Amino acid sequence: MEPILYKVFGAVVTIILAFVVGMTYMGLSRKITARVQNRVGPPVYQNFLDALKLISKKTAIHHGIMQMMGPAFFMVTSIGSLMFIPVLNDGRFFSNLNFEGDLVFLLYLMVFGPLGMALGAGQTGNPNSAIGVTRGLSQMVGFEIPWVMALVALMIQYDTTSIVGLMEAQSASGTWLVFSSPFAFIAAVLAMLGMFRYSPFDIVGAPTELASGPVAENGGKYLFTMMSSNSIFAFVKLTLYVDLFLGGADNLIELLIKTFAIYLIPMLYGLVSPRYRTEQAVRYFWGWPLFFGFLAIMYAVVF
Amino acid sequence: MMNDKNSQKIVDIIQNYARLHSLFVLAYGTGCGAIEIPPTMTSRYDAERFGIRGAATPRQADVLLITGYLTTKTLKRVIRVYEQMQDPKYVIGFGSCTINGGMYWDSYNTIKVLDKYLPVDVYINGCMPRPEAVIAGFVKLQSLIREGKAEGAKLYKDNLEQYRENQKKVIPNWVMPEYNW
Amino acid sequence: MEMIHLILIIFLGGAVLTYFAGKVNDILRDALFILSILVPAILFFTNVNPESYIDLSIAGFNMKWGITHFGWIFSLIVLGLGVIVSFYAVSFMKGRDKVGSFYFNFILSIGAMLGILLSQDFVSFFIFWEIMTWSSYLMVVYNGNQVQKIGIKYFVFSAVGAYAMLMAIVITHSITGSFLITDLIAVFPQLSNQMHILIPILFLIGFGVKSAMMPLHVWAPGAYSNTPMAYTSVFSGALSKMGVYGMVLIMITLISHIPEGHWFREVIAWMGAFTAVLGTLWAVAQDDAKKLLAYSSVAQLGYIITGVAIGTELAMLSALFLSILHALFKGTLFMAVGAIEKQTGTSNFTEVSGLIRKMPWTFLASLMAIIALAGIPPLGGFVGKWMLYESLINSNHYILVIMIFFSSTAAFLYCYKFLFGFFLGQEEKEWAHVKEAPALMVVPMIILAAGTFILGAYPGLILSPIDAGMQAIGFEATQGHYWEMSVILNQWGDQVVLQPIVYAIFAIFLFFFLFLFFKSRKNTRYVTTKDISSSGEVPLEHENLTFSQNFFQPFLRAVEPVMRRQIDKYYNEFGRGLEAIFDFGRRIYTGNGQTYAIYVIIFVIILLFFKNNLFG
């Protein structure tokens, strides 16, 4: 088979996997939320129906070319970062671009999505969108700091910046990074609460006060693109956490179990939390998460 | 072999299946009926098991739920919201007020028959209709979508002049963008 | 005649000729202006070879002119930016007053900057430095009386820097007996401990002022935002890099060789990081685009200073790469603000909104520059940032990594504010008349913005002259083990391979953009920004719903404790104290002849007293 065609094929398969898993997890989260609230809840495949419905909307509007570019930028972030993350250990799944980017690159790629979304939202001229964007960007500045600290701690400890390198370090030492650098894991998990935007950090969408914020003007195909790139992005983040802290996965079943375990943390935390105000959310990340980030770096320097 | 018409039919069936199981509702809480929506959506009656969930803005919504009486002042906003929704879109009239005025039948500032101003797909009668009735209304809408009979948007587009005439009759200061579909 | 002389004479003569040609004919003046920057630039890049020097002796001073490989990198910034901006400036200055003096100062400062790079001895270095300061000062006060205070601030800081530098030069001369830079470098390691500290500090004050390092940065926001935007591109893009150029000379060639150098560099690196953080936070708080970009320039120079101060190979690569990148994207952004100001008459975010459909090319240039500024792959800024992080982690500066990262994440806030404030948001009737800026203004912007893009995909293009320059100041060759064309490598051997990434990103973007564009194309209609879902209300034409007041208020509330103290206040207090002293001094001059007579008598008595005591 032609190598370039093979690569494209691998990328497509990875994207489909990420899409399906991400969508299913979101459906599961709705189901679990419902069960926690003593409801029956929608079926697990509900999000697929939503996506199908959104894409089969007959009409759409646009406020300008930027509104179309915004979701496309977000998709670049989701799929782009998916390409850099090893899905399974030892390159057992398609390796895509795994060996060609490192953690710093990934960090920058991952913040591009919100900025692209923000541009798309800005073009619509809806004041709610702009307010949502300012909230989202502020919150991003908040949680990026502990998250970067955790990653820097890992980089120091294992003398590599590449994700594959960190995974190899884990399989070489036979222990997961969650045990060998626990503070980094704590900082990263606390940062993850903000990254997933569940309560109490759902200040961006905030349906009741901002009319869903940045996506207020987007329905149909735009919402479909955002929804699918959101679910791919969720898969990316979860897989990244598993790769970095839980020793990766040897097969898809293991990957699903581990990622879902990680996914439960922000979801269950969100179920019992009300919403923060923006400055509270920002300051939250500069409290204990920052402290654990410092601990992680000190731990990495000392050991 | 499959011809175009048949394949279109299959696509329609699939799309309609998705549409009927995923209804994003914009509950326009105009009147007293708005109080029935929270119990419908939350734990007691749990409308989400039918794929019904709230939408924050008209751009994302499929169903416009008009809960109760409409004053002429509110009617203008409701029309605006309806026109901002994207095809295919449905209207559910909730409560007796939307059918014939209900207890406001002789009020000077409410409209009596919603259907004159917006194409209503399903009426839910009662004053107030209980959440069970609301869910029954949604199920009725779902079966209409399945049969492909919920064509309110098409009706509105085809008879736009007639609707506009009715709307302008009750709304004196008509400053609205054109409905360009 | 030597080529270098010819180039400098063309600059000087061109400046004077342009000034006087303005009295005759406008078109002649414009043509002369462009030519007197373009011709020397062409001559320089075609005829001047690096590392070939000429000696000359004027009034007993031995001077040496010529360009090193290292200076050549900066000449690329100065002349490249100068030429491109000069085209823009012609269009920008059309219909304004004092065009002649603007052109005069513009040419002079470009010439002076090139002169700084050419001079290999401290005398001519200082002379050109002063010419640069003066011409830029005249640009700062271009707007007349209302900017006197800002002009004075700039001038006082420049003067302090210049005197510090002069003092260092005099000390150097008294020690080495020579003004040549190479002599100082050769002698420096043998000097006493005191001199090891004193000379670098004095030089750094001089260079730190120009590159707006943290306690010396207070002149920058005012000065950057009040010069005509056509010049600010050069001011922020190239002129501030002269400070970086000087700093590299000091940091790398002097203090690397002494034992105290280590902590010295640490201090500078930390100051650079603080500059970056505070500059960014203040940039977020600004409502005026010029001020925002000015603070952002301060912050960006903070990264560069940190990179220079760390001084490993990768850090130097990144600092020099970022210098060039900063010239490109900040040049573009200042030009974009200039274009918007020319078309709308204001540069305030709270007044302008929704220009994207009116000025699409300006928007495109700004968007690319902003993406480069934010350091997002695949544009150039990312390469520089990536190298900076890797070098900081490799050299164990972990807290600095966090600070720089915080600053560059918070930079997203003002990046978005810039784009949103001008181009996005609701389109207003008030700005319905706005047209795209003239082609002469748009094309230079697009060229510079495209430059950031090319450097992002092919950083090797610019890394090879940087590599040559770094070898000239004593680094090992980085080619091969650090980078090859578009491949970067850090010390751990991890790398970012840019080209497949760039292709992948483009493919994904294009695919989804086309999907959104063509999906149910017939049934997708354009609606104005007034047609938004705002609770069923229809906003009227004059109702501006754009959210632009207190844009990042929640964020600023969260970081409020950091921003409460302003260093500017201390300087102002200090200035007020001085003023009080001078005011007291002024009272001596009463205007009464009798009083002056008494002063004379007292003076004579004191003189007599001293004479008798000291010499008697």
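Reply: Two residues are in contact if their C-beta atoms, placed from the backbone, lie within 7 Å. The model shown here is predicted. Among contacts in chain A between residues at least 6 apart in sequence, those joining residues at least 24 apart make up 80%.

Me: Which secondary-structure elements does chain A have, and in what order do they run?

Reply: Chain A contains 13 helices and one strand. From the N terminus on, the order is α-α-β-α-α-α-α-α-α-α-α-α-α-α.

Me: What radius of gyration does chain A have, and how is that value to be read?

Reply: The value is set against that of a compact globule with 303 residues, which would be near 19 Å; chain A has 19 Å, so the two agree. The C-alpha trace of chain A spans about 55 × 55 × 40 Å along its principal axes. Of the 303 residues in chain A, 65% are buried.

Me: Which strand of chain C is joined to strand 1 of chain A, and do the two run parallel or antiparallel?

Reply: The partner is strand 6 (residues 524-526) of chain C; three bridges join the two strands, which run parallel. Within this pairing, A:Ala60 has C:Thr524 as its bridge partner.

Me: What is the strand order of the sheet in chain B, and which strands lie at its edges?

Reply: The sheet is open, with five strands in the order 2-1-3-4-5 and parallel pairing. Strand 2 (52-54) and strand 5 (122-124) of chain B are the edge strands, each pairing on one side only. From one strand to the next, the twist averages 30°. Strand 4 (residues 90-94) of chain B is joined to strand 5 of chain B by three bridges, and B:Gly93 stands opposite B:Tyr123.

Me: Which helix lies across strand 5 of chain B, and at what angle?

Reply: Helix 5 (residues 131-147) of chain B does so, running at about 165° to strand 5 of chain B. This helix of chain B also lies across strand 1 (23-28), strand 2 and strand 4 of chain B.

Key. Residues are numbered from 1 along each chain as its sequence is written. Chains are lettered from A and ligands numbered from 1 in the order in which they are written. This is a predicted model: local features need pLDDT of at least 70, side-chain atom pairs count only at pLDDT 80 or more; totals for chains, interfaces and linings use all residues. Helices (H or I, at least four residues) and strands (E, at least two) are DSSP runs, numbered from the N terminus. The radius of gyration is taken over C-alpha atoms; the globule rule is 2.2 Å times the number of residues to the power 0.38. A residue is buried if 20 or more other C-beta atoms lie within 10 Å of its own, exposed if 12 or fewer, and partly exposed in between; C-beta atoms are placed from the backbone. Two strands pair if DSSP finds at least two bridges between them. Axes are lines fitted to C-alpha atoms, for helices over the stretch in contact, and angles run from 0 to 180 degrees between N-to-C directions.
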